[in-house]
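Welcome! Have the sequence and the model at hand, and work through the exercises below one at a time.

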Amino acid sequence: TLVFRLTVVALLFTGFAQIPIFARYYLADVPGFGWTADYYFNHVAHYILAIVLLAILGWRLPRVLRRPTWTAMDVIVGLCWAGIVLTGIVRVMKNQPDSYFSPTLVMWVDWLHLGFVMLLGVASLIRSRVRTGTVKKLAGT
C-alpha cells in the first residue's frame, strides 16, 4: 500500500502541475522545484504514474470484488476510482494527434476528472474516519 499511496500523491502533484499553479504561485521559484513549472515533464510523469496506478488497481480489483460486504462509502470510493480512470482514458484519447473532441466535451471531461479526484479525497477521508470510529466520537455517540 505504500507504493499505492506514493503513486496517488505523485499523481496529485503532477496533475496539479499541469493546471499550472506552481509557476503562478512561485513554488517553481524555490530551489530544486523548478521542474514543477515544466508542463511537458509533468505531463509525461503523470502518464507514467497513471500506468503504475492502473497496474495496482488491476491487481487489487479481484480482491476488492470478492469482499463479502461493502459499505456505501466503499461503493462511492469505487465509483470515484472508476470515474477517474474513465475520464483519464478520455483525456489520453483527446491528446492523440488524429483525434478531435469538441471544446465543450474537453472542458466537461477535465472538470469531471478533477471533480472525481476531489470527491475521492473527501469520500476516502470519511471512510477512514468511519472505520476508525472517529466520526462516532466526534458526534458524541
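**Exercise 1.** How many aromatic pairs does a search of the whole structure find?

*Solution.* The search finds 5 aromatic pairs. Rings of Phe, Tyr and Trp (its six-membered ring) pair if their centres lie within 6.5 Å; planes under 30 degrees apart count as stacked, over 60 as edge-to-face and the rest as tilted. This is a predicted model, where local features need pLDDT of at least 70, side-chain atom pairs count only at pLDDT 80 or more, and totals for chains, interfaces and linings use all residues. Residues are numbered from 1 along each chain as its sequence is written, and side-chain values use heavy atoms, leaving out hydrogens and water.

**Exercise 2.** Classify the pair of Phe-13 and Trp-35, then that of Trp-35 and Phe-41.

*Solution.* Start with Phe-13 and Trp-35: the ring centres are 5.6 Å apart and the planes at 45°, so this pair is tilted. Next, the rings of Trp-35 and Phe-41 have centres 5.7 Å apart and planes at 75°, so they are edge-to-face. Finally, Phe-13, Phe-22, Trp-35 and Phe-41 form one aromatic cluster.

**Exercise 3.** Is Trp-35 buried or exposed, or in between?

*Solution.* Buried means under 20% relative accessible area, exposed over 50%, and partly exposed in between (1.4 Å probe, protein chains only). Trp-35 has 36%, so it is partly exposed. Phe-41, at 42%, is partly exposed, and Phe-13, at 26%, counts as partly exposed too.

**Exercise 4.** Which ring does the charged end of Arg-60 sit over?

*Solution.* A charge sits over a ring if NZ of Lys or CZ of Arg is within 6 Å of the ring centre and within 35 degrees of the ring normal. For Arg-60, the ring is that of Phe-4, with its centre 4.6 Å away.
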